[in-house]
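Good morning, everyone, and thank you for making the time. I would like to walk you through a few side-chain contacts, so please have the sequence and the model in view as I talk.

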Amino acid sequence: MGGSHGHGADQGERLYVHGHSVVHRLPAHVKTVALLAFVFTVVATPTEQFWAFGVYALLLIAVVAVARIPVRTVTTRMLVEIPFVFFAVLMPILGPDPRVDVLGVGLSQPGLLAAWGIMAKGTLGVVGSITLAATTPARDLLLGLERLRVPDLFVQIAGFMLRYSHVVTAEMERMRIARESRGFHATGPRQWKVLAQSAGALFIRSYERGERVHLAMLSRGYTGTMPNLGTAVAVRRDWVVAATLPAAALVACLLAWTVSS
C-alpha cells in the first residue's frame, strides 16, 4: 500500500514539464497570483473587442515560448475544454433574435457574441492554467496555496485528490477488465444499468478507502492540519517578472474599454 501511495505522488507530477526557464524558477504562489490577475483581466474585457483577445493570446504564446513548453503538450491538454465548446456551439442556435444568416443557417447575433466570449476567455484561462501546471510541481502548487493563506482544509483536499486519483483510476480500470472478461460490452442503453451499478460500487469502495486512510492518519497523530514544510520565498524581482503578463494584459483591457466607450 505504501508503494502505491508513492506512485500517487508521482502521478501528480505528470502535468509538470521539467525545465530551467525563468518561468519555472518563479515561486508557485507568485505565479498563481499572476495567473489569477491575468484571468480576471481577460474576463473583464468587453467581448466585442476582438483585437484585445488576440493580444492576450500573443502574451500567453510568449510565456509558453519562454518556458519552452512543447506545443503538442499544450494542445493535447486543451482537450479538457471540449464540453464548454459544445455548450458554446449551441448558443448561436438557441439564442434570441436578431438573427443573421451564416452559410444558409439563421444564427442568433447575441448568441454568436456570447459563444465567442466563452470560447475566447475560456481558452485563454485553460492555456494559462496549463502553463502554470507545466512549470510548477504539484507539491509546490499546494505549498504556494498555503503561502497565499488558502484554507488548510481546501489545500489538504486538493493534495489527497492528486495523491489518490490514480488509485481510483486503477480501480475503475480493474472493474472494466473484470466486466469485459465476463463478456460484457457497452453497446447501448441496455448496458447502462450495469455501468450504473459499477459506478455505485466504485463510489462505495472509494468512500471506504477514504475512511481507512483517515483512520490511519489519526493513528499517526493527525489533528486536522498537515506539517508545514515551507515554500520558496519570493523576492521583489520575482514579483516584477511575474507581473509582466497581467500588467500588459491590463493595459490592453483598459484600451479595450476606452475604445468600446
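Let me begin with a network of salt bridges, which links Glu171, Arg174, Arg205 and Arg209. Please keep in mind throughout that this is a predicted model. A search of the whole structure finds 6 salt bridges, and I will go through some of the others now.

Two of them share Arg176, whose side chain meets that of Glu173 at 2.3 Å, N to O, and which also forms a salt bridge with Glu180, where the closest N and O atoms are 2.9 Å apart. Arg176 and Glu173 both lie in helix α9, which covers residues 152-181, and they are 3 residues apart, about one turn of the helix. Because Arg176 and Glu180 are 4 residues apart in helix α9, they too are separated by about one helical turn. As for accessibility, Arg176 is partly exposed at 29%, Glu173 is partly exposed at 36%, and Glu180 is partly exposed at 39%.

Another salt bridge joins the side chains of Asp140 and Arg139, at 3.8 Å from N to O; here Asp140 is partly exposed, with 29% relative accessibility, and Arg139 is partly exposed, with 44%.

Finally, let us turn to Thr45, which sits in the loop between α3 (28-43) and α4 (50-67). Is Thr45 buried or exposed? With a relative accessible area of 2%, Thr45 is buried, since the cut-off for that word is under 20%.

How values were computed:
Residues numbered from 1 in each chain as written. Predicted model: local features only at pLDDT ≥ 70, side-chain atom pairs only at ≥ 80, totals over all residues. Heavy atoms only, no water. Helix = DSSP H or I, 4+ residues; strand = E, 2+ residues; numbered from the N terminus. Buried < 20%, exposed > 50% of the residue type's maximum accessible area, 1.4 Å probe, protein only. Salt bridge = Lys/Arg side-chain N within 4 Å of Asp/Glu carboxyl O.
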